Amino acid sequence: MIEKIETLRKIEEVGVVAVVRAETPEIAEKISKACIDGGIPAIEVTFTVPGADKVITSLKNKFSKDELIVGAGTVLDSETARIAILAGAQYIVSPDFDLGTAKLCNRYQIPYMAGCMTVTEMVRAMEAGTDVIKLFPGSAYGPSIVKGIKAPLPQVPIMPTGGVSLDNVDQWIKNGCIAVGVGGKLTGGAKTGEYGKITETAKQFVQKVKDARR
């Protein structure tokens, strides 16, 4: 239980989760390292990456627990969640809410972040013990929706993914999000092999979150 709370605390502290999608395990690891070098220890390895479970294990072996908080993304069912947890995933992220996955994560005291679009979905997810509501896709709403959700649900911990950029990350945070999930707007440099660019972008995201919280 203490480890679960610590994982959530670390994610909220940095305020940014790097969503890693890649065509090969090697590229996924390079992206992850570039993000870590830029000050984002929270890495979400999506299960669209070939051999995602092996990438998770490899990252756990290469980085200390102070350097890395690794989770699994695009987890659609409890079977995949179990594979990810056995590989070393410290949190599970889904594009949807799945009751079986919520139960499994609660059983093993692993934080679960479920994708929701409506208030009804959010309430059901929280009733099932979901730790963080992943507002997905965030691009369908924009930062202003957060205040609308928090009016009736002030207790909901929201992390948007999709539609988060350097231009609006401050608004997401100021409107009440505990963290943001960022994919292509952070990791785009991988397409041209510019991993240094990812590191620099990571630093900018971390700084903008810090500034927004002041």
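**Close-up views of a predicted model**

A search of the whole structure, which is a predicted model, turns up zero aromatic pairs. The views below therefore turn to other side-chain features, with the cut-off for a ring pair being centres within 6.5 Å.

**View A. A lysine charge rests over a phenylalanine ring.** Here the charged end of Lys 134 sits over the ring of Phe 136. The distance to the ring centre is 4.6 Å.

**View B. Helix 2 and what covers it.** Helix 2 takes in residues 25-37, 13 residues in total. From first C-alpha to last it reaches 18 Å, close to the 18 Å expected at 1.5 Å a residue. Look for its buried residues: Ala 28, Glu 29, Ile 31, Ser 32, Ala 34, Cys 35 and Ile 36. After helix 2 comes Gly 39, with a positive phi near 95°.

View C. Glu 29 and Lys 62 meet through their side chains in a salt bridge, 2.6 Å from N to O. This pair links distant parts of the chain, with Glu 29 in helix 2 and Lys 62 in helix 3, 33 residues apart. Glu 29 counts as buried because its relative accessibility is 18%, while Lys 62 counts as exposed at 55%. The side chains of Asp 37 and Lys 33 also form a salt bridge, at 2.9 Å from N to O. These two are four residues apart in helix 2, so about one helical turn separates them. Asp 37 is partly exposed, with a relative accessible area of 42%, and Lys 33 is partly exposed at 43%.

View D. The salt-bridge count comes to seven. One of them joins the side chains of Asp 131 and Lys 4, at 3.2 Å from N to O. Asp 131 lies in the loop between helix 6 (119-127) and strand 6 (132-135), and Lys 4 lies in helix 1 (residues 2-14), 127 residues away. Both Asp 131 and Lys 4 are buried. Also worth a look is the network of salt bridges that links Glu 6, Arg 9 and Glu 13.

**View E. Cysteines without a disulfide.** The disulfide count is zero. For Cys 35, the nearest cysteine sulfur is that of Cys 177, 19 Å away. Cys 35 is buried, at 0% relative accessibility. For Cys 177, the nearest cysteine sulfur belongs to Cys 116, 13 Å away. Cys 177 is buried too, with a relative accessible area of 5%.

Conventions: Residues are numbered from 1 along each chain as its sequence is written. This is a predicted model: local features need pLDDT of at least 70, side-chain atom pairs count only at pLDDT 80 or more; totals for chains, interfaces and linings use all residues. Side-chain values use heavy atoms; hydrogens and water are left out. A disulfide is a pair of cysteine sulfur atoms within 2.5 Å. Buried means under 20% relative accessible area, exposed over 50%, partly exposed in between (1.4 Å probe, protein chains only). The expected span of a helix is 1.5 Å times one less than its number of residues. Rings of Phe, Tyr and Trp (its six-membered ring) pair if their centres lie within 6.5 Å; planes under 30 degrees apart count as stacked, over 60 as edge-to-face and the rest as tilted. A charge sits over a ring if NZ of Lys or CZ of Arg is within 6 Å of the ring centre and within 35 degrees of the ring normal. A salt bridge is a side-chain nitrogen of Lys or Arg within 4 Å of a carboxyl oxygen of Asp or Glu.
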